[in-house]
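Please have the viewer open as you go.

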Amino acid sequence: MKESVSGKASKRTLQSRRLFYCILPFIILSFLFSYFPLHGWIYAFYDYKPPLKLSQCDFVGWKWFETLFANKTQVAQIFQVMKNTLAMSLLGMLTSVFPIGFAIFLNEIKCKWFKSLVQTLTALPNFISWVLVYSVAFSLFTDGGLVNTLLQNMGLITTPIKFLDSDAHIYSWMTLWNVWKGLGWGAILYLAAIAGIDSELYEAARVDGANRFCLMKEITLPSLMPTFFVLLMMSVANFLNNGMDQYFVFQNSFNKEHIQVLDLYVYNVGMTGSSLSLATAISMLKSIISLILLTIVNILSKKTRGESII
Amino acid sequence: MKKKALSLLLCIVMTASTVLIGCSNEKTSASAGGNGKDDEFITVDVFDTLANYQGIQSGWFGKIVKDKFNMELNIIAPNVAGGGDTLFQTRSAAGNLGDLIISKTESGRFENMVKAGLLMDMTDLLKDKAVLKDYKDAIENMNTNLKPVGIYGIPSEISNRSPNVSTEGVDPLVAPYVRWDAYKAAGYPAMESLEDWIPVMKQMQENTPKSDSGKKTYAISLFKDWDDSMMVGAKNYASLYGYNEIGFVLAKADGSDNQEITSSDGYYVGALEFLFHANQEGLIDPESTTQNYDILSDKYRDGQILTSLWSFQGPSYYNTVEHKNALKGFMPAYIKGISPYSFGCYTKGNGKTIIAIGSQTKYAKRLAEFIDWIYSPEGMEIVGQANGAAGMEGLTWEIKDGKAVFTEFGEKALPNNNVPVPEEWGGGSWKDGVPALNFKTLSIVDIDPRINEPYLTTMWSSELAKRTTPLDLDWQEKNGGAKTTIEFLESKNALSVAAGTSYLQPEESSDITTLRGQCKSVIVDDSWKMIFAKDETEFKSILKHMQDTVKGLGYEKVLEVDMKNANDQADSRIKAVEEYNNKAK
């Protein structure tokens, strides 16, 4: 830039520099936690053997990516893993309407202390880690656990039901645990949105003779829809990211085939099967697919709602 | 302009750091020797792939280590932490496994640990130590062909005896132990084959329905912690017939047969079928699928499980003097056709596990002293206690009339009982103080020069003479007077001793390792499913699933490697015996 800039421009530079300094910490943080870890992708191109350093290992190029599609069984395994991932994500999305219903009905409760009690109790599971959830599940549902003992004592069953070490209905089980854990927490957002609805709308409707169910259906529900759609779209972007802790703690030899979601598969291949390079390659592919999904959703959102989400 | 420059700068910084971090720096810290003060109390991190306990070594052994070396051992145990090799990988990526390292070495792991600079060269540290003088051959043999040259690891189980002598003294790796009281109540039924064991187990479970604490008994109980290439609980039944695993191959002790484990008519699938039938009869503890080794051990202590294949499980946990006097306890029964696998002595040490010093430690000198001590007769008596040695002279044993005998306390506490230890010996419970290192420095059947008898207490003449409890007498009467399991098996010509060699599985390409990892998980998962299958059809279909899946993944390539290794191992066994015989001449 030329020396002869006006004072106004230099003032603007000064201000924008100040603003830049304001966001600098956040740029650094997002760099540290979002971009910096990406250097680990380099492992996907090496033949990494753990006790050795990367510099002591051979560079193998795209070999691990090719391994993923090396044979039919391998592809079938990945296909099964993708199926599990998508199924559980999809079930998660389908059940994401539950918090709305829960919030709407909870809002109708007039007794204040009861309402906040229910809200607290249902939000609480969100803060319990999956490991603890599993230990609760374990003591309730093992062969000698509470449920089986109870059922046996009541004479309803003779042999214990295998709740945990069985492959049956694993998607539904996992979704149920998820709903139990996330219901109250998910409702908090909607409760806040309900509080923001203009009360004049309700009054006008009441004047027109609407009953409580009409109010819920015609006013509360439509007002919550924008929030719902934003959340839904964000969950589409996270389609492949359904986390691994839940599935990790619940997995065993018996249910592995259907519980193994992508993140867990990466862990099992990399950490347990000691192929860190292959695991890196898989998780790289995952990031790329997630990125594509997000872009698609964004374009759709632009087309249908006229605004993009990123 | 400036904005652009700034964003460009940011981009450059990001890329540069990404690239730079990829090339992690090569420098390994110079083997510092010991800069830690000699008299300072230290906590030593022990990375121990054999340990089944994680945390600070407590109790009587903790006190010995503290008194002798002014340190405590913080044991880091991948077996307890779970997740297979995860802990090894993450710790080695960080460049520091621990101060003291007890590790597996096969598949090139030892060479790689040296190459990666994780281990310290002990050449200078051991220069004037007895361990190097006494076991020069074994140590040199272990440390050949290493780059950089040096002494990095000391093998375990070093022995002076012939490779054809069982290293297990009185009990082989596996044997069909049964709760003799229940077996007796069933009328000592003869068993013509493994399948015949099932009705016998059933009778035993019926005549002994409750454990000592009143819980329901089961004939068999399994656990999954130690599953690796295959399910350990099933492999053990193949070992009853003289086989042991090498990768996905079951190799017979004498080298006459190598079986791949997924073959429908092999011993592994046979064992799965046996366990499946046992489960159909309600003989398998349903908690097998979820419990761990510790829970199972407690069940054995309580008498809840009626058979055991490992002497260190059933017999070791349940055969206390009181139980034996009450004619209760585990004793081997004979099944026609068995020939349990047993490891021979390792003249050049068992290089499959080593002890080493971590390259990053500050206490190298003191650790070298510790290592020197655990390879001394006294150290072996104490550290080897977890594997059958006597423990501390004066507390558990003493010399009377020139012979080593147990003290009154030793009778009660050994091998692994919940008996309070006197305060001056460290207090706590005996069981909790047992050396958690679980590392055998010398062969347990070698002669302890201090007592002129083997380290293994069960081989002491004073102990053999004591095998006169009602349980022993009853068992001996039924078995022609044999005193120990090995004697008993030898008398039936039913023991397969695999000559001890310094053979180590070589490093394999990472393609094979990856395939192996995938096949392993299919095999282990399907094995468990097969045992708990609903019916024969489901059993067969899971078996087929296992065979097809591993085959599709490329199992054959892995098998080729394993078969070659099995053959090499067989050859090395012949060579080891020849070498020993030539030397003896």
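**Chain B at a glance**

In chain B, six strands make up an open sheet of mixed pairing, ordered β2-β3-β1-β4-β13-β5. The edge positions belong to β2 and β5 (154-156) of chain B, each with a single partner strand, so one side of each has no neighbour in the sheet. Strands and helices here are DSSP runs numbered from the N terminus, with at least two residues (E) for a strand and at least four (H or I) for a helix, and two strands pair if DSSP finds at least two bridges between them.

This is a predicted model, in which local features need pLDDT of at least 70 and side-chain atom pairs count only at pLDDT 80 or more, while totals for chains, interfaces and linings use all residues. Residues are numbered from 1 along each chain as its sequence is written, with chains lettered from A and ligands numbered from 1 in the order in which they are written.

**Inside the sheet**

- β1(B) and β4 (residues 100-104) of chain B run parallel and are joined by three bridges.
- F47(B) has I101(B) as its bridge partner in β4(B).

**Around N52(B)**

- N52(B) sits in the loop that links β1 (42-48) and β2 (55-56) of chain B.
- N52(B) is partly exposed, because 18 other C-beta atoms lie within 10 Å; 20 or more would count as buried and 12 or fewer as exposed, with C-beta atoms placed from the backbone.
- Beyond its neighbours within four places in sequence, N52(B) is in contact with A77(B), N79(B), V80(B), Y293(B) and N438(B), a contact being two C-beta atoms, placed from the backbone, within 7 Å.
- N52(B) and A77(B) are 25 residues apart in sequence, with their C-alpha atoms 6.4 Å apart.

**A helix pair**

- Helix α23 (residues 510-531) and helix α25 (residues 555-584) of chain B pack at about 110°, with axes 9 Å apart; axes are lines fitted to C-alpha atoms over the stretch in contact, and angles run from 0 to 180 degrees between N-to-C directions.
- That makes α23(B) roughly perpendicular to α25(B), a label covering 65 to 115 degrees.
- I512(B), L515(B), R516(B) and C519(B) of α23(B) make the contact with Y555(B), K557(B), V558(B) and V561(B) of α25(B).

**The whole chain**

- Chain B holds 25 helices and 18 strands.
- Of its 585 residues, 54% count as buried.
- Among chain B contacts between residues at least 6 apart in sequence, 75% join residues at least 24 apart.
- The C-alpha atoms of chain B fill a box of roughly 95 × 65 × 55 Å along the principal axes.

Conventions. Parallel < 35°, antiparallel > 145°, perpendicular 65-115°, else oblique.
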